[in-house]
Amino acid sequence: MTELITIPGRWEFDYTYFAGEAASRFFGELKDSRRIMGVRCPSCKRVLVPARSFCDVCFQRTEEWVEVGPEGVVETFTILTAAFAGMPKPPVVIAYVTFDGADTALLNVLTGLDLSNISDAAHRLQARPRVRASFVDEPQGRITDFTFTLL
Amino acid sequence: MAVADTPVYVEGIALNIGWHDATKDLSELIFDTVTLALEDADQSIDAVDSVVLAAHDLVDGRSLSSMVTAPAAGAYLREEIRFSDDAAGALVGAMTKLESGRARRSVVAAWGRSSEYNYDQFSQTLFDPIYGRPIGLNEFVLSAMRAQLYLATDHHKEQRTRASLRRDEAARANPRALKSGGYQSAAPYPLVAADLPLWADVAVALILSVEPAPIRVIGAGQSSEPYALGDRNLRALQGLQLAAGRAMTQAGTTGAQLDVVEVDGLTLIDEAMGLESIGFAAAGHGLEQLADDPRCNPSGGGAAGYCPPAMGLVRIVESILQLRGEAGVNQVAGARRAMATGSSTVAGQTHTAIVVEAA
């Protein structure tokens, strides 16, 4: 009888991702000015957040930068009650928020909500509460520079 | 899209859903499945002049995986297309080859082996490294947020329970479903375990031909949504709606004329939303339809075994089995016309819909 073997494998590579001018400016605004920036599409006129160099719906370049927020409204959310690799220790709330003045939603962690009772917390979020971008003490120019907190 | 002048038929199919079979390496699993499809078509590999594959390097854990796996699918000295997205799109690629006259018979094959990789790790790599990955997203986080929007009303509670029970019953009765092994990921709120797919090892193959055969592909449609998730309406699957509309226009059919639908979705809620998007359920009634209508996902959907990027082709094969009267206990009596869909990561950005008919 042939012994059936398995061979362990693991991939671990390093990459250097070019964020590009638009994302670099977006993150620079987070770091230096603690501002959330979008761009207005010249065709559909929507304010797209995070700022990007083109509108993929209209296939048009974008050049007009617009500050949005820092307050907005929760569109939808999830609560992670189990540990996921790469995530903060559960429970964690992830939410889509449309900042005031924006037409698209931005995704990030929502903090400051009492999660001792998940149903109660969910009930509160289902009301689509208003939130504010709260920045970390020392922004690094990353999406993790801020979280959403309930007003 | 104009109706193609060259009819395309399905000559053979094969579907293998299993778990942790150490007697076969990946290429052997593919070879066995494609061989079964050729036998079902009563054809030899010599009669094949095209091979279209759907596979993903990170699922396979093999860089340039088609170089390892394509020969196992019969690609040696044949024209090959590698499709790194849901496999229903690979079938469209093969159709294009046949309709253009570049080929007369094509293998379409797809696979994914959940027992060889960690889905949760894989899923995190799918997100863009600038905005998404630093937050630690995975596919279920997005499906959960979509479900949160969908389940916002209380009247879904009872329907969700019934739809889940019926899906499990259908999967248990499906002779091709995974019967032991597999696993489920953790469910972020508001998803629960019963909503989630059962990770499995899946290999699926289909033989397409311009030679007349009992099953004909009469419609195909595709569509892509914006990449940025915050730009999408997560309460709707606009891309699937458009893809299904294009497929039905080409097929000259309406949703009401379909006897069977097999809708791909990562979760039960995604399947319900898919049914609504293709027009087979009224808005807000997808779960009710899944619970009560035996024509909807008679295979058991994601509960029967799941692994990207093969699932669109699995849904197509299950539809064809219905048209051939070979679906087993879950057979829909008199099924003559069916639609199957496939949706890609991330969060169903791209969609393919296929309409097949008993010729």
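Begin with the contact between the two chains: select the 36 residues of chain A and the 30 residues of chain B that take part in it (two residues are in contact if their C-beta atoms, placed from the backbone, lie within 7 Å). This is a predicted model, in which local features need pLDDT of at least 70 and side-chain atom pairs count only at pLDDT 80 or more, while totals for chains, interfaces and linings use all residues. Residues are numbered from 1 along each chain as its sequence is written, and chains are lettered from A and ligands numbered from 1 in the order in which they are written.

On the side of chain A that touches chain B, strand E6 (71–80) gives the most, with five residues. Helices (H or I, at least four residues) and strands (E, at least two) are DSSP runs, numbered from the N terminus.

Next, select strand E1 (residues 36–40) of chain A, which pairs with E5(A) in the antiparallel sense over five bridges; two strands pair if DSSP finds at least two bridges between them. Here A:Gly38 stands opposite A:Val66. The open sheet has the order E2-E1-E5.

Finally, move to chain B and select helix H8 (residues 238–251). Its buried residues include B:Leu240, B:Ala244 and B:Met248 (buried means that 20 or more other C-beta atoms lie within 10 Å of the residue's own). Seen down the axis of H8(B), the buried residues fall within an arc of 160 degrees, so they line one face of the helix; the arc is that of the directions from the helix axis to the C-beta atoms. Among the elements that cover them are strand E6 (215–224) and helix H9 (268–277) of chain B.

How values were computed: Expected span 1.5 Å × (residues − 1). Buried ≥ 20, exposed ≤ 12 C-beta atoms within 10 Å, placed from the backbone.
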